[in-house]
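Here's a quick tour of how this fold is put together. Have the viewer open and follow along.

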Amino acid sequence: MKGLKFMGVAIGIGLAMPAFADIIVKLPQNCDKKTLHYYYAPIKQYAEAKSRAERGIVNDSITITNSEAVIAFPDKNQSYFGSLGFDQEPLQFFLAPGDNVTVDITSIDPFSYSLSGSPIADSMNELLLLEMPVIEKSKAIMLNGNPSEADMQKIRDEYNQVEKDFIMANPAAPAAPVALLNLEGEDFISFFDTYGNSMTSSVIYPFVEKQYRIEKDNIEMEKKQQAMQTDNIDAPDFTLKDLDGKDVSLSDFRGKWVIIDFWGSWCPWCIKGFPELKEAYQKYAGELEIIGVDCNESQNEWREGVKKYELPWVNVYNPADSNLTAEYGVQGFPTKAIINPEGKVANITVGHDPAFFEILTRLMGK
């Protein structure tokens with residue numbers, strides 16, 4: 001299930017409130033929190049990065065003093081985005097060059113805050129006020145336990161409508177790109193095509209442009225995946241190196257059921273699925289092989305991840321110049337593809353979905 005994407009922000013350090021501060025975070029006087037966690041990165045650098053290592057992310061925490069935390073960003077000529085928070089939902093921020101923003105956290109539980117001090121912050125605060133009724137409704141449903149997919153879809157539809165209404169009423173507002181980034185798929189494409197020209201001067205626009213390319217690619221990938229899952233399409237073969245540097249090909253396992261697990265040690269949802277994957281591997285030993293295809297990290301990180309999570313199946317490394325993920329229409333991680341003994345694609349599941357293992361059992365006739 002996809003969640004509500006942009007609900008959050010921002011940061012801290014310091015004892016006093018110097019005039020040069022970029023962000024001042026104020027907390028309730030009775031707040032017992034001692035540490036504030038945050039991250040930030042330059043918008044342009046992050047949007048143009050070709051790898052995770054190039055994104056320029058600063059990830060840290062700071063001690064709260066006298067119910068305040070202040071951060072001065074390193075380059076006043078840069079625009080930044082980032083997030084701050086405690087254990088619950090984070091706040092998100094965007095800064096234009098030279099901005100001074102105040103984040104006023106009025107309550108920790110329930111979490112409540114407001115933004116002020118810059119055009120982007122003021123506009124995001126307006127958007128937040130419109131989003132809050134839907135966000136609170138979502139929290140209430142979740143507290144009641146195990147909401148139905150229909151209930152969650154209704155909430156997602158309401159949230160998306162808030163974003164759409166804000167964009168239509170305020171296409172040139174500083175927070176309009178933030179609202180647009182909260183949309184997905186065809187909704188994002190449609191609103192970008194209609195209102196994108198009003199947002200080109202925004203410091204957030206590099207994210208909007210990048211997301212447009214991603215959404216277009218995702219739509220094509222989704223169509224590709226749907227077309228592949230017919231039991232009539234040959235699974236794209238590949239040859240990659242295993243932990244010992246030996247070549248491993250998908251075709252080596254013809255005659256067995258195969259799960260191709262596209263994953264990375266940086267992906268928490270990939271890791272969350274390992275226990276169930278290990279159970280299936282043991283349950284169907286001799287009939288099923290799993291090929292873990294590591295993506296989007298260094299070989300050292302891959303090797304450390306395999307060792308840390310004790311992955312007992314075949315593990316191979318997918319280099320950056322490979323087009324394997326495109327061949328399988330991978331849109332997110334984890335993605336698991338089930339290949340039947342004849343080498344045909346039987347199923348592709350994106351994300352951590354317990355129903356995947358029910359599908360596997362059905363397909364294998366167990």
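How many bridges join strand 11 to strand 12, and do they run parallel or antiparallel? Strand 11 (residues 257-263) and strand 12 (residues 288-294) run parallel, joined by 7 bridges.

## Ground rules

This is a predicted model, where local features need pLDDT of at least 70, side-chain atom pairs count only at pLDDT 80 or more, and totals for chains, interfaces and linings use all residues. Residues are numbered from 1 along each chain as its sequence is written, and side-chain values use heavy atoms, with hydrogens and water left out.

Helices (H or I, at least four residues) and strands (E, at least two) are DSSP runs, numbered from the N terminus. Two strands pair if DSSP finds at least two bridges between them.

The open sheet here has 7 strands, ordered 10-9-13-12-11-14-15, with mixed pairing. Strand 10 (247-249) and strand 15 (345-350) sit at the edges with a single partner strand each, so one side of each has no neighbour in the sheet. From one strand to the next, the twist averages 30 degrees (axes are lines fitted to C-alpha atoms, for helices over the stretch in contact, and angles run from 0 to 180 degrees between N-to-C directions).

Helix 9 (residues 299-308) packs on this sheet, touching strand 9 (239-242), strand 11, strand 12 and strand 13 (314-317); contact means heavy atoms within 4.5 Å. The direction of helix 9 makes about 165 degrees with that of strand 13. Helix 11 (residues 355-363) lies across strand 11, strand 12, strand 14 (335-339) and strand 15, at about 170 degrees to strand 15.

Strand 1 (residues 23-26) pairs with strand 4 in the antiparallel sense over 4 bridges, and Lys26 has Glu68 as its bridge partner in strand 4.

## A strand covered on both faces

Strand 6 (residues 91-95) is largely enclosed by the rest of the structure, because 5 of its 5 residues are buried (under 20% relative accessible area, using a 1.4 Å probe and protein chains only). Leu91, Phe93 and Leu95 are on one side, with Gln92 and Phe94 on the other. Strand 5 (residues 80-85) runs antiparallel to strand 6, with 5 bridges between them; Phe81 stands opposite Phe94.

## Cores and a helix pair

A nonpolar core is a set of buried Ala, Val, Leu, Ile, Met, Phe, Trp, Tyr and Cys residues joined through side-chain atoms within 4.5 Å. The largest has 59 residues, and Phe94 and Leu180 are among those with the most contacts inside it. Leaving aside neighbours within four places in sequence, Leu180 is in contact with Ile167, Phe188, Phe191, Phe192, Met199 and Val208. Another core, of 24 residues, lies apart from it and includes Leu288 and Ile338.

The axes of helix 3 (residues 149-169) and helix 5 (residues 185-195) come within 11 Å and cross at roughly 5 degrees. Helix 3 contributes Asn160, Lys164, Ile167 and Met168 to the contact, while helix 5 contributes Asp187, Phe191 and Tyr195.

Terms used:
Buried means under 20% relative accessible area, exposed over 50%, partly exposed in between (1.4 Å probe, protein chains only).
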